[in-house]
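Please take a moment with the sequence and the model below, and then follow the paragraphs that walk through a few of the contacts.

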Amino acid sequence: MMRKARLVAASLDESCHPLPKTEECDVIIVGAGVSGLSCAYHLKRLAPELKVIVLEASDRMGGRVKTIKMGNAPVDLGGAWIHGVENNQLTEFVKNVAGLTFAPDDPPESIVAETPSPYCRSDLSDSSRFVAWDSTDGRIYPNSIIESVFGGGEEKTEAEKKSESLEEKLRAAVFAESERLRVSGESDRSVSDVIGHILKSKEWKSELDAIGAQCGAGKARTLLNSAIQVFEGYNATPLHTLSTKWLTDGGFEEGGDKLTLNGMSALVDFLSRGIDVRLQHTVSAIDCTRSLGRKAVVVSTSDTEFVASQVVVSVSLGILKSRSIIFKPDLPSRKQRSINRMGFNVLDKVILRFSTRFWPKNVEWMVCASDALVDCSWFLSLYETYGEPILVAFVSPVQSARNHSLPGGDAAIVDFYLSQLEKPFGRCVRELLVESHCTHWKSDPYTLGSYSGYVVGCTGEDWDIMSESVNDGLIGFAGEHTRRTHIGTIDAAALSGLREAKRIAASVVRSRAKL
């Protein structure tokens, strides 16, 4: 009787907690972002006999790449550019294999032939490529001042081409200090500390005073703040934690950056064709300790255990930092230390589409300059690229934290940026707004941020360590945080996926040779 009772109890327990299903394959890729899909795509060509399954926790592919339509324009909420197109091995793939079209250097004839917008200020030339104004009163700075500070106004004269702007000089000084710290082996310093030291010098005080004599006392530093803020936004790392020593370690993109006319989700769509992608499959554990009679990895989701010969983990560094995936055995201490040390923060966007343009048609960037770094805003115009009156405000980590503290959610965030545009362009800014979109990458549970960055305490070697496989090659890693060159980019993500595909394909060849 007791035995029967135990059997009934066991049966009831299994009905309440059914055993997970089991599915076998050759390779499991965890994460359907660009790196994971790139790995799957290249494996399909390098080792077509392998059964590859991609597990994605969210309800869509792409990870930190997501394109939405605003009007007729494809607008990328996350990764948008291919960096350094002239010397980038991804360029040929994106253009000639994936079939994406890069935005042309020159605007279409329809935009060239346009007359000035009736909403645009008469004192702004349509030939302007760069507009900057003061956050307090909306005063637009003259082109000569913009050239002196940013080097980005209208066409430069020969004399202007020979002289560096303040932004160029500051960047060169910070980069020189970065190289010096690495060569000397001295302790790291934050970029905030280094810039503060540079600007205290007599040379810089003289430079700022000379420009201030033309635009008002203190205003040169106000403008320069916008250039300083770029360090934080571009690296998705607050200035007080941003590493000077490793800032230049990953190299720089040459040949210019390019948007595509398709949007980056088109690359995701191409990479995923013919790939077995399982959406809404959250991985909770990756286990190499099971006794299965062979070298294998068990990847657990809520209802299925996938048994594979190899696994590639392509989730974001933010997910790895959260430890939401349990590794058995634990990751090597060397790798876990790198995960803990490396920076991972956010670059958000506030995207504003208007019914018509109120800024010069040829403008690429507009800047709201402020005495407070957190209030310096950069707006990218997509008008010349897509023919749609869209401005994209780039939001650094500190600005993102400020935005999320505003009472009123996205409406309050949009209102903040409209108020900045309203200062120089007037009430028409609000009247012409059609739609808006705010990103929140840090609170996205599937990414927990935007991309990796150099922080004081890390080293360039951490990115190399992240690329290393563990458990005798059973578990590999892909993602922008696993490639030391051009960290934080779509380029790094896609090429890391290719690297892992080649590693696995080579292991298959070695296994065959032993037979």
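The side chains of R353 and E388 come together in a salt bridge, with N and O 3.8 Å apart; the term stands for a side-chain nitrogen of Lys or Arg within 4 Å of a carboxyl oxygen of Asp or Glu. R353 belongs to strand 14 (residues 348–354) and E388 to the loop between helix 14 (383–386) and strand 17 (390–395), so the pair ties together parts that are 35 residues apart in sequence. R353 is buried, at a relative accessible area of 16%, and E388 is buried too, at 10%, where buried means under 20% relative accessible area, exposed over 50% and partly exposed in between, with a 1.4 Å probe and protein chains only. Helices (H or I, at least four residues) and strands (E, at least two) are DSSP runs, numbered from the N terminus.

This is a predicted model, in which local features need pLDDT of at least 70 and side-chain atom pairs count only at pLDDT 80 or more, whereas totals for chains, interfaces and linings use all residues. Residues are numbered from 1 along each chain as its sequence is written, and side-chain values use heavy atoms, leaving out hydrogens and water.

Another salt bridge joins R180 to E177, their closest N and O atoms being 2.9 Å apart, and both residues lie in helix 7, 3 residues apart, about one turn of the helix. R180 is partly exposed at 36% relative accessibility, whereas E177 is buried at 12%.

In helix 7 (residues 166–184) one also finds S178, which is buried, with a relative accessible area of 0%.
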